[in-house]
Amino acid sequence: VLQSHPDAAKELLKGKRNIGAIREMARDVLVRDFLKSIPHIVDNDDDELQLQVPNVVTSIGHRWGAAFPIPSEECAQMQSQIIASKQFVACGDYFGQLPGRIEGGYLSGVSAADQLCD
């Protein structure tokens, strides 16, 4: 799974409305950038070792419809919400200081898990 940064996604989507074209463009850009990054993220100190990158067999572009949440001030100040009396837990990238980012969703999930374990 490849995911772009929200700023990159906003730039790519500027002025575009056709969902099929958006998915194709997202797929092409993310796969291309990922393949270009592989030599930089692989520790290859052995000059005789040639990096063999497999061919991409299948790729699908997708744009999550709620990719740019605008959380309320209250939700931006909390990482997750638990209402024990109703056995309710809410977490995700809508909470905290990183809205719309995978890191925000992760931190929110950790927060919810920590509260449940307490």
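How many salt bridges does a search of the whole structure find? Four, and I'll come to some of them in a few minutes.

Hi everyone, and thanks for coming. A word on the ground rules before the tour. This is a predicted model, where local features need pLDDT of at least 70 and side-chain atom pairs count only at pLDDT 80 or more, while totals for chains, interfaces and linings use all residues. Residues are numbered from 1 along each chain as its sequence is written, and side-chain values use heavy atoms, with hydrogens and water left out.

Let's start with the overall layout. The protein has four helices and two strands. Here helices (H or I, at least four residues) and strands (E, at least two) are DSSP runs, numbered from the N terminus. Read from the N terminus on, the order is α-α-α-β-β-α.

Of the 118 residues in the protein, 20% are buried. Buried means under 20% relative accessible area, exposed means over 50%, and partly exposed is in between, with a 1.4 Å probe and protein chains only. As for contacts (heavy atoms within 4.5 Å), take those with a separation of 6 or more: residues 24 or more positions apart account for 46% of them.

Now please find helix α2, residues 19–41. Its 23 residues reach 32 Å from the first C-alpha to the last, close to the 33 Å expected at 1.5 Å a residue. That expected span is 1.5 Å times one less than the number of residues. The buried residues of α2 are Ile-22, Ala-26, Val-29, Val-31 and Ile-38, and what covers them includes α1, residues 6–13.

Stay on α2 for one more residue, Ala-21. Ala-21 is partly exposed, at 43% relative accessibility. Ala-21 and Gly-61 are 40 residues apart in sequence, and their C-alpha atoms are 9.5 Å apart in space.

Next, helix α4, residues 102–117. Which residues of α4 are buried? They are Gly-104, Ser-108, Ser-111 and Ala-112. Looking down the axis of α4, these buried residues fall within an arc of 95°, so they line one face of the helix; the arc is that of the directions from the helix axis to the C-beta atoms. They pack against β1 (81–83) and β2 (88–90). On the other side of α4, Ile-102, Tyr-106 and Cys-117 are exposed.

While we're at β1 and β2, have a look at the loop between them, where Gln-87 sits. Gln-87 has a positive phi of about 50° although it is not a glycine. Gln-87 is also exposed, with a relative accessible area of 77%.

Back to the salt bridges, as promised. Side chains of opposite charge can pair when their charged atoms come close. The cut-off here is a side-chain nitrogen of Lys or Arg within 4 Å of a carboxyl oxygen of Asp or Glu. One of the four joins Glu-11 and Lys-14, at 3.1 Å from N to O, and both of these residues are exposed. Another pairs Asp-33 with Arg-32, with the closest N and O atoms 3.1 Å apart. Here Asp-33 is partly exposed at 34%, and Arg-32 is partly exposed at 44%. Then there is Glu-103 with Arg-101, where the closest N and O atoms are 3.2 Å apart. Glu-103 is partly exposed at 36%, and Arg-101 is partly exposed at 24%.

What about the aromatic side chains? The structure holds one aromatic pair. The rings of Tyr-94 and Phe-95 have centres 6.1 Å apart and planes at 90°, so the pair is edge-to-face. For this, rings of Phe, Tyr and Trp (its six-membered ring) pair if their centres lie within 6.5 Å; planes under 30 degrees apart count as stacked, over 60 as edge-to-face and the rest as tilted. Tyr-94 is partly exposed, at 34%, whereas Phe-95 is buried, at 6%.
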